[in-house]
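Hello,

I am passing this structure on to you, and my notes on what I found follow below.

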Amino acid sequence: MNTTTLHAAAASFEAARQLGQCAPAHPASRLHGHGFTARVQCAIAPDWADFPGGEVDKLQQRLAAVLAPLDYRCLNEHLAEPSDGNIARWLAQQLADPALGALEIGVDSTDRQGALRDAAGRMHVWRRYVFQSAHRLPNVPAGHKCGRMHGHGFEAIVQAGEEDGAVDYERLDALWAPLQQQLHYACLNEIEGLQNPTSEMLSSWIWQRLQPALPSLSQVTVFETASCGARFDGTHYRIWKDMTLDSARRLRRAPEGSAHRRLHGHTYTLRLHLSAPLDQVMGWTVDFGDVKQLFNPLFQALDHQPLHEIGGLEDCDTASLAQWILAQGRAGLPQLAGVDLFETRGCGARVAVQEGWA
Ligand SMILES: Nc1nc2c(c(=O)[nH]1)N=C([C@H](O)[C@H](O)COP(=O)(O)OP(=O)(O)OP(=O)(O)O)CN2
């Protein structure tokens, strides 16, 4: 199985800015501040870190060091127009290193908005919207809990490329407004086109309504609950299910005296990505509930366990563990296309099967 492994790190910084390109009446044209989060992910050359398995820590330290001059500063002293996208561009320049593969950089100015410079260097902006809705899934087997009328605080993330030049948060808000009118405090089953309102159907329903006016739309992501959802990119559906693993480990390849060599532990955030053709009757790729159930034996083997004592996991750094989970998980869940594993918020590894990864 051919896989790709990326390491990921995140760091936050507090900074003030004012955006001169906003209309004078726009609040962002005034001096204001944010608690920003910056994220980076990339492939890493084998000898870049101080020891095999030390990549996540070193990447996080590198990101934090690059961000230090921005922390508790006014960003306009560093960048002429410190928009989220321009901060991401600046970060890409600062982090450039031949030992790091193509960099994907995200800058979130709040948890509702941010910019993403993808690994190909394209810039995207995204906004998160929340709607409170009821639904039931009419085609599930009798007794399935989702066949009953129930509800969620849904979230949708709309992401569009900047290549047509005119995409900003206000444009996304204006395009989203009529959908919010339809979806918020509504029963989704009663909306035309959403008779079977799975996360997958909702993501493509939103895509179809936004894309004609927003040709650079790159992704619609729907969170049905905090731990599951679906993403549509105009062609492929991908779903995910999140869980946490509370596990102990020691990294035997860390140098003598290093904290990583001592017995320690993490509450890992594990995200399972699944990719499969849409089941036309159920309107989903794989049932989130089935994902949880089929993954459960592996979950039990990892959760509240000393990872380094598991056969085959003697090197249980986060990337090795994510690779192991992907390989083992595909035995019971062949639709498993990728695994994200974070040892702390935003810091960890992402492993994906190359074929079929949308
Ligand atoms: N692929 C999909 N599977 C399921 C969908 C869906 O839209 N696409 N929807 C449902 C239900 O609507 C349900 O509300 C969500 O399912 P579930 O993962 O069981 O959600 P929970 O957050 O309740 O799960 P816990 O991990 O137990 O908290 C079902 N499947």
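A word on terms before we start: the domain bounds used here come from an automatic or database domain assignment. Please also keep in mind that this is a predicted model.

Let's begin with the ligand. The shell around the ligand takes at least three residues from domain 2 (123–235), and at least three from domain 3 (238–358) as well. There are 17 residues around the ligand, and those that come nearest are Cys 146, Thr 198, Thr 225, Trp 284 and Phe 288. Helix H4 (199–210), strand S9 (217–225) and H5 are the elements that each give two or more residues to this shell. Which element provides the largest share of the shell? That is H5, with 3 residues. Sorted by class, the shell holds 7 nonpolar, 6 polar and 4 charged residues.

Helix H5 (residues 288–302) packs with helix H6 (residues 318–332) at an angle of about 135°, and their axes are 9 Å apart. Angles over 145 degrees would count as roughly antiparallel and those from 65 to 115 as roughly perpendicular, so H5 is oblique to H6. The crossing in which H5 passes H6 is right-handed.

Where the two helices meet, H5 brings Leu 294, Phe 295 and Leu 298, while H6 brings Ile 325, Gln 328, Gly 329 and Gly 332. By class, this contact has 4 nonpolar and 3 polar residues, with no charged ones.

Happy exploring, and do write back with any questions.

Best wishes

Notes
Residues numbered from 1 in each chain as written. Predicted model: local features only at pLDDT ≥ 70, side-chain atom pairs only at ≥ 80, totals over all residues. Axes fitted to C-alpha atoms, helices over the stretch in contact; angles between N-to-C directions. Helix = DSSP H or I, 4+ residues; strand = E, 2+ residues; numbered from the N terminus. Parallel < 35°, antiparallel > 145°, perpendicular 65-115°, else oblique. Left-handed = near helix turned anticlockwise from the far one by under 90°. Contact = placed C-beta atoms within 7 Å. Nonpolar A, V, L, I, M, F, W, Y, C, P; charged D, E, K, R; others polar. Near = placed C-beta within 6 Å.
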